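Please read it alongside the sequence and the structure shown here.

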Amino acid sequence: MPTEKNAAKDVIKGQSLWSDAWLRLKKNHMAVISMAVLALIFLLCFILPAIGNFNAPEDPAVRAAEHWFKNPNYQNLNNTFAPPSGHHWLGTDQSGRDLFSRLLYGGQISLLVGLVATTISVIVGVAYGAIAGYSSERTDSLMMRIVDILYGLPFLVLVILFSLLISEHMKELSEPPDDVWKWESVFVNKYANLIPLFIAIGALGWLTMARVARAQVMNIKKQDFIEAAVSLGLKKSTILTRHILPNMIGPMIVYTTLTVPSFILTEATLSYLGVGVQSPNSSWGILLQEGSRYMETNARLLIVPSIVFSLTLFALNFLGDGLRDALDPKASKD
Amino acid sequence: MRLAFILSPVLLMPFLSSCDKESPIDKYTEKKILIVGNSNEPAGLDPQIVTGVIESNIITSLFEGLCVQHPSDSGGSMPGAAARWDANEDFTEWTFHLQKNGKWSDGMPVTTADFLFAYERILSPDFAAKYSSMLYYIKNGEKFNKGELKDFSEVGVKAIDDYTLKIFLRAPIPFLPHLTKHYTWYPVPKHTVLAHGTMTERNTYWTAPESMVSNGPFKLETWKFNDRIEVIRNPHYWDADTVKLNAIRYLPIGNKYTEARMFFNDQMHVTERLAPEMIGYCRDRYPREFRQEVYLGCDFIRFNMTLEKFKDVRVRKALSLAIDRQLIIDKVTKGGEEPAQGIVSPMGEYKTAGIAKHNAELASQLIAEAGYSDGNKLKFTLLTTDRDGAKTYAEAFQDMWQKILPVEVSIEQREWKSYQDMMSKLGYEMTTGGWIGDYPDPTTFLDMWKKGDGNNRTGWHSEEYEKLLGKAELATDPAERIRLLRQAETLFLNEHPIVPIYWHTSVYLLHDSVKNWHPLPLRNQPYKFIDLKK
């Protein structure tokens, strides 16, 4: 923890905006706790299965009986609804599958959807918004009216249609040729049916991002240093990439952290509706959907995924709030 | 703010109901209104167009065939639109004497003209009724339906006078009274149908609540889409004194959990069925209301026989042998069903051929012989619906197959209509499905596998199979007939165009106040005898 003394020393050294923000963020307890929670969830979801799969017995039956980390899709119909035990840390589900490993693999998918779709929407949204904001008034209003029209269409319906459309084309891709290098074939096999979902959510989720980006550009372009750049005779594209975009980063990062949970929720909704992750794979949305059937009989199947899911969403939201306060101190005073 | 607004009625509910000493169900019981869970919005209410169980539940209260199901004896038939009937010695000629005071709900008499009109309508090729094969037993019925015969007077239905109907059959059918209880054999009001369109015009407004006229114990009162269908007592019904209920309300509730929760909250008399996950819970908590009865039906998996990958019978047999049916029943469906060894549900004299069994070793041996191994896996997609529990059911097969056989199975879930559509067009590879019998005879499960039958949906057909069925139909000795039918079933099962899984049970909740509701294997309880008492 930095003390006042240390901070004073840092000032002498000269302090970047980033380390300034970092200091402010560290003072926000909720944000720090959120970061720790997120880091823990990420580690659990991505590292633990890798460790668990390493050295696991090859025979799934032997593995299910002996190894601590189970195959999430391995059924044992003779052991359904088993309560939590040393063997099944969170018990088993309606098909006798290990809930703990399903939760972690489901987390991989939910977190990936959140991250990949957000990345796509940030790239598209920021580019679109920045261009609109820096173009002539006519181009700007034309581009933004297109956004308005897309806003008027029902998001979920569009995502469903779009992902079905893409997945028709993806069918040829899903059987990779033998000579592709290992990593790619593993990736394609594991997440092939998710790629349409990623693309669909990202490709239709950039609208708000574009509006935020445009507002930022409009704000920045009226400032003095831009006028200076213009009077120096720089090209429009140079001004946009060199001077405007770097100054937008703060607010965009904040907005991005708030977008991730909304995309995870979208995936959950889509899986709940039966579009999305393919059987027998799990995602948090699927676990919640299946768990909701056992409200009366085996509430554990609903409660456990709900806790993990809510925890992640809370953490992301608190982190986003904290980042906003840290990166944009003016905004937080409103 | 908005959330609070949405939640407020939910939060207030316990207080509201505690103010009220009478539960909703008691009120309805007192008013003699039966509340029935009916799964989904019906596709229609025209007895000659619809094909489903959902529609059948409503239509049997509105219309009445020549005979009516006995309330407790599944093999018994009671007078319906016909007061009495007799057959000649070999059951090929039947005479039905209609009720002299039989009336439509608008007061017009029910006469033989209405029956002739209904049968001509369903058999007309222009009308394209999907279920017309139910009337192929009538002499020349099939020919007329296929357009080979233009003149309906050559079809074996004759009106001797306004109240005497003679039916000539193509073969001896001792179970004809059972057929007449099925909605395809119901009369329709000639005067009303013609007032709203021509005979062969589909989906006219004659089935709308303001215009529908029916001859059953009840008549249509309201039809609110996705809300309810209500039928009320028909004052012109010939046997109105027997009818106890004042009204029946059908609720289209697709979600089985919602339906069960409505029952727990005293909002319903009868549920449609219980989701597997609820069965154990309801058996313990509601022992008096819990019903588990034999239901004449079979669940199976269809192969698309037109596909190259399923051409080899060893592959199909291996996939059938790999399934542990008892385990599926105990752990997935949980309704106390019986593992199906064949397609025909056990009934009367008929014992099924018993081909479908569980044998993992033989299964892997057969698929290896067919040329598949871990390096060369058989890949296919299993189509299923998006209904509750369908996914867990399909995943159980997926896992069983992948554990013992070199196969790679993916699951595709489709919404009900698109699932039906894919099946009809043979746009699937393998699909889960089932069949509920229409009448208590093995042919209700065997006729559908004929070439071109709308319910076949596998692309499988066999001339020899149809020959055997034809022979069985003409057989006069019942024992000989059963032997031939069994032979046909054996032939069918040995070809493995389907994988039988289990024979159905009907598992549902029935409120204490419902009287005269007896278990029937077709679950076609006649509403006219049902009563409500606290």
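**Note on the predicted model**

1. B:Arg457 is buried, having 21 other C-beta atoms within 10 Å; the term buried applies when 20 or more other C-beta atoms lie within 10 Å of a residue's own, exposed when there are 12 or fewer, and partly exposed in between, with C-beta atoms placed from the backbone. Although B:Arg457 is not a glycine, its phi is positive, at about 55 degrees. The residue is located in the loop that joins α15 (443-446) to α16 (463-474) in chain B; helices here are DSSP runs of H or I with at least four residues, numbered from the N terminus.

2. The model is predicted, and local features need pLDDT of at least 70, side-chain atom pairs count only at pLDDT 80 or more, and totals for chains, interfaces and linings use all residues. Residues are numbered from 1 along each chain as its sequence is written, while chains are lettered from A and ligands numbered from 1 in the order in which they are written.

3. A positive phi, near 60 degrees, also occurs at B:Asp266, a residue other than glycine. B:Asp266 lies in the chain B loop between α8 (256-264) and α9 (276-285). B:Asp266 counts as partly exposed because it has 17 C-beta neighbours inside 10 Å.

4. The largest nonpolar core holds 79 residues, of which B:Ile248 and B:Leu274 touch the most other members. Such a core is a set of buried Ala, Val, Leu, Ile, Met, Phe, Trp, Tyr and Cys residues joined through C-beta atoms within 7 Å. Helix α4 (residues 112-123) of chain B contributes the most to this core, with six residues.

5. Which residues does B:Ile248 contact, leaving aside neighbours within four places in sequence? They are B:Leu34, B:Val36, B:Ser61, B:Phe218, B:Val231 and B:Tyr527, where contact requires C-beta atoms, placed from the backbone, to lie within 7 Å.

6. Chain B is divided into domain 1 (53-239 + 510-532) and domain 2 (296-506), with bounds from an automatic or database domain assignment. The centres of these two domains of chain B, taken over C-alpha atoms, are 32 Å apart. Their contact takes 16 residues from domain 1 and 14 residues from domain 2.

7. Between the chains, the contact draws 13 residues from chain A and 18 residues from chain B. The chain A side comprises three nonpolar, eight polar and two charged residues; Ala, Val, Leu, Ile, Met, Phe, Trp, Tyr, Cys and Pro count as nonpolar, Asp, Glu, Lys and Arg as charged, and the others, Gly among them, as polar.

How values were computed. Helices (H or I, at least four residues) and strands (E, at least two) are DSSP runs, numbered from the N terminus. Two residues are in contact if their C-beta atoms, placed from the backbone, lie within 7 Å.
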